[in-house]
Amino acid sequence: MKYSSEQLAWLIRRHGIEMTHISSGSHIGAVMSVADVMAVLYAEVLKYDAQNPKWSKRDRFILSKGHAGASVYAALAESGFFPVEELKTHYANGSRLSGHVSHHVPGVDFSTGSLGHGLSAGAGMAYALKKDGKSCRAFVVLGDGECNEGSVWEAAMFANHFRLNNLVAIVDRNHMQSMDFTENTLEMEDFAAKWKAFGWNVIDVKNGNDHAELKQAFAQTEKNFHETHKPTVIVANTIKGYGVSYMQNDILWHYRFPHDGWEYDTAVSELHQKKPAGVEDVYTPNGIENPVHPTESDDINRDHTYSYTWKTSYPEKMRRVEAPSGSMEREHQL
């Protein structure tokens, strides 16, 4: 069945909740933030043939932030690459749906999860496509924390040098990584300006969970492909854990999975409140009749970042001040 991007995004989130719940697996927060990007890609943008995953004219796709592998598995299953029922084997011993993305799965071009490698591989694919005279493109979805890796910027230089206008990077800019906000881990701003300085077309999407904005951005990448000689990056500003209120912007859900009780029940119930017409929940078709709710004693809506937990003292964000001479100097506010 062909789904709209909005329908597919809901299904990716619902499968993600179930897959991490069943497997006691990780990274549901990243799955939730990137679900809309993945849905627009598979519903609207990518050229592929689910019955012929190795079709030579397909667009190449790499989920470089392989920790969010459940999102691409769900997108592939709902797009017809393998049965949806197989999603229940996520993380299980012997399953091909490993915790990080595996190339043994139909529709997966490259195994990922060791961060910083995906853009290099995608650039190589784009280079080969151009050398072979093919009109298809290579798409790579990265995490913003992943962009701390030097290999990302080596690949960025390579892509510009070889004028890989058939390469599109999408950064899931959810502003969190591992144990804290990205700016507390390693300052990244001005993030879009960095990509521009490396010679890329830059599209800054203010709301990367909004499908209209994403579709407009991807339409611009198609235009850039035909009209420029530069690679293009979409910086999609998203919310980690988007779609479930207690997961949003809480670093706890980078690693934690929804446990039995209020965690699972609340996540499913909130998703059901926003379930679009025309989709089916194969796990809880009618939602949860009597969901367990969190109490005041439960660990919910608290700051779990490293900098809060360990009372780390960070300087305020560097700001630029006007020096008496008229030159610009940087000053730390301690």
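A pocket is an open set of grid points with protein on both sides within 12 Å along at least five of seven lines. Keep that in mind for the second stop. The model on your screen is predicted.

**Stop 1: the whole chain**

Show the chain as a cartoon. Colour the helices and strands: the protein chain has 11 helices and 9 strands. The radius of gyration is 20 Å, close to the 20 Å that the globule rule gives for 334 residues, so the chain is as compact as a globular protein of that length. Along the principal axes, the C-alpha atoms fill a box of roughly 70 × 55 × 35 Å. Of the 334 residues, 52% count as buried.

**Stop 2: the largest pocket**

Colour the lining by class: 4 residues are nonpolar, 8 are polar and 6 are charged.

**Stop 3: the second largest pocket**

Move to helix H1 (5-23). Which pocket takes the largest share of its lining, 4 residues, from H1? The second largest pocket does. Its volume is about 180 Å³. Select its lining: Glu6, Ala9, Trp10, Arg13, Asp36, His211, Tyr242, Gly243, Leu271, Lys274 and Pro276. By class, that makes 5 nonpolar, 2 polar and 4 charged residues.

**Stop 4: the cavities**

Now go inside. How many cavities of 30 Å³ or more does a search of the whole structure find? The search finds 2.

Begin with the largest cavity, at about 100 Å³. Select Tyr42, Leu46, Lys47, Tyr48, Pro53, Arg58, Asp59, Phe61, Phe81, Gly107 and Asp109 to show its lining. This lining has 6 nonpolar, 1 polar and 4 charged residues.

The second largest cavity has a volume of about 40 Å³. Its lining is Phe61, Ile62, Leu63, Val72, Val101, Gly107, Val108, Asp109 and Phe110. Strand S1 (residues 60-63) gives the largest share, 3 residues. Here the classes are 7 nonpolar, 1 polar and 1 charged.

Look again at Phe61, Gly107 and Asp109. These residues line the largest cavity, and they also line the second largest cavity.

**Stop 5: aromatic rings**

Show the side chains of Phe, Tyr and Trp. The count comes to 12 aromatic pairs. Select Phe191 and Trp195. Their rings form an edge-to-face pair, 6.4 Å centre to centre, with 85 degrees between the planes. Phe191 and Trp195 are 4 residues apart in helix H7 (residues 191-197), so about one helical turn separates them. Are these residues buried or exposed? Both Phe191 and Trp195 are buried.

Next, select Tyr246 and Trp253. This pair is also edge-to-face: 5.2 Å centre to centre, 65 degrees between the planes. Tyr246 has 3% relative accessibility and counts as buried. Trp253 is buried too, with a relative accessible area of 1%.

**Stop 6: charges over rings**

Stay on Phe191 and show Arg173. The charged end of Arg173 sits over the ring of Phe191, 5.2 Å from its centre. Then find Phe82 and Arg96. The charged end of Arg96 sits over the Phe82 ring, 5.7 Å from the ring centre.

**Stop 7: backbone details**

Zoom in on Glu189 and Asp190. A cis peptide bond joins them, with omega about -5 degrees. Asp190 lies in the loop between helix H6 (182-185) and H7.

Select His27. What is its phi? It is near 70 degrees, a positive value in a residue other than glycine. His27 lies in the loop between helix H1 (5-23) and helix H2 (28-45). Buried means under 20% relative accessible area. His27 has 6%, so it counts as buried.

Finish at Asn301. Its phi is near 55 degrees, also positive in a residue other than glycine. Asn301 is in the loop between helix H10 (262-273) and helix H11 (306-309). Exposed means over 50%. At 60% relative accessibility, Asn301 therefore counts as exposed.

Technical notes:
Residues numbered from 1 in each chain as written. Predicted model: local features only at pLDDT ≥ 70, side-chain atom pairs only at ≥ 80, totals over all residues. Heavy atoms only, no water. 1 Å grid on protein atoms, 1.4 Å probe; cavity = no way out; pocket = protein on both sides within 12 Å on 5 of 7 lines; lining within 4 Å. Points joined across faces, edges and corners; volume = space filled by probe spheres on them. Nonpolar A, V, L, I, M, F, W, Y, C, P; charged D, E, K, R; others polar. Helix = DSSP H or I, 4+ residues; strand = E, 2+ residues; numbered from the N terminus. Phe/Tyr/Trp six-rings, centres within 6.5 Å; stacked < 30°, edge-to-face > 60°. Buried < 20%, exposed > 50% of the residue type's maximum accessible area, 1.4 Å probe, protein only. Lys NZ or Arg CZ within 6 Å of the ring centre and 35° of its normal. Rg over C-alpha atoms; globule rule 2.2 N^0.38 Å.
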